[in-house]
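Please study the sequence and the structure shown below. Then work through the exercises, comparing each step with the solution.

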Amino acid sequence: MLRESFPCTLVSWEESARLARQLAGVIRADGYHPDLVIAIGRGGYVPARVVCDSLLHDMLTSIKVEHWGIAAHKKEEVVVRFPLAVDIRDRSVLIVDDVTDTGDTLAVTVDHVASLGPAEVRTAVLQHKNTSRHTPDYFAEFLTGWSWIIYPWAVHEDLVGFAGRVMGSKTQFFEEIKAKLAARFAIRVADDDLRAALEDLVAMGEAEQVGSLYRAVQDPD
């Protein structure tokens, strides 16, 4: 069951790029030179590209693994949605993601990649949480004290999800929704960003707007 309240941490583009460059520095210092870098989609796409840029490495591909949905909704099991589509037999690979939370995504990905016969598999993430059951080989930052991390490449999607979570069936003013996001999830964003999220909720049929008021559309079931 989802908790009603927990802290979120918003990471800026500048900070995420800094972490990715720092991660690349850790890998470089260790002397690891993979034949191929594999990004875990979707969170690992941007970090993997920046890591490759910093390492002057141009062999990058991806795998799509699903575990977390919008706004910290965890799915029942980790699913490899789009398996690796390249031959990695006898090649050294580096798997890159944004964060280890439970560590399940990384563990399932490693198992899948290892089953394809590579010579070596190593893993790297921007931020490694102490709640993770799987420890990556490389990380830029170690986090203690759990919060939901919102990266800039997922901020709109998560904002849509969290706005939907604080919106009840009774009509609320924009400022009330904004205050609830801050109180329940420590989310503080620009008004234009929140308005864009609310517009999408209305467009998806999950919310209604009546003048300056909003309310959630309840599932008939």
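The exercises below go from the whole chain to a sheet, a helix pair and a single residue.

The model is predicted, so local features need pLDDT of at least 70 and side-chain atom pairs count only at pLDDT 80 or more, while totals for chains, interfaces and linings use all residues. Residues are numbered from 1 along each chain as its sequence is written, and side-chain values use heavy atoms, with hydrogens and water left out.

**Exercise 1. Describe the chain as a whole.**

Solution. Step 1: the chain contains six helices and eleven strands. Helices (H or I, at least four residues) and strands (E, at least two) are DSSP runs, numbered from the N terminus. Step 2: along the principal axes, the C-alpha atoms fill a box of roughly 60 × 35 × 30 Å. Step 3: 44% of the 221 residues count as buried, where buried means under 20% relative accessible area (1.4 Å probe, protein chains only).

**Exercise 2. State the strand order and the pairing in the open sheet of three strands.**

Solution. Step 1: the order is S9-S11-S10, and the pairing is antiparallel. Two strands pair if DSSP finds at least two bridges between them. Step 2: strand S9 (172–173) and strand S10 (207–210) are the edge strands, each pairing on one side only. Step 3: four bridges join S10 to strand S11 (residues 213–216) in the antiparallel sense. Step 4: Leu213 in S11 stands opposite Val210.

**Exercise 3. Characterise the packing of helix H4 (residues 155–166) against helix H6 (residues 191–203).**

Solution. Step 1: two packed helices are described by the angle between their axes and the distance between the axes. Step 2: the axes of H4 and H6 come within 9 Å and cross at roughly 70°. Axes are lines fitted to C-alpha atoms, for helices over the stretch in contact, and angles run from 0 to 180 degrees between N-to-C directions. Step 3: H4 is therefore roughly perpendicular to H6, a term that covers angles of 65 to 115 degrees. Step 4: residues of H4, including Leu159 and Val160, meet residues of H6, including Leu194 and Leu198; contact means heavy atoms within 4.5 Å.

**Exercise 4. Where is Thr109 placed, and is Thr109 buried or exposed?**

Solution. Step 1: Thr109 lies in helix H3 (residues 104–114). Step 2: its relative accessible area is 0%, so Thr109 is buried. Step 3: leaving aside residues up to four places away in sequence, Thr109 touches Ile40, Ile63, Val65 and Ile95.

Methods. Parallel < 35°, antiparallel > 145°, perpendicular 65-115°, else oblique. Buried < 20%, exposed > 50% of the residue type's maximum accessible area, 1.4 Å probe, protein only.
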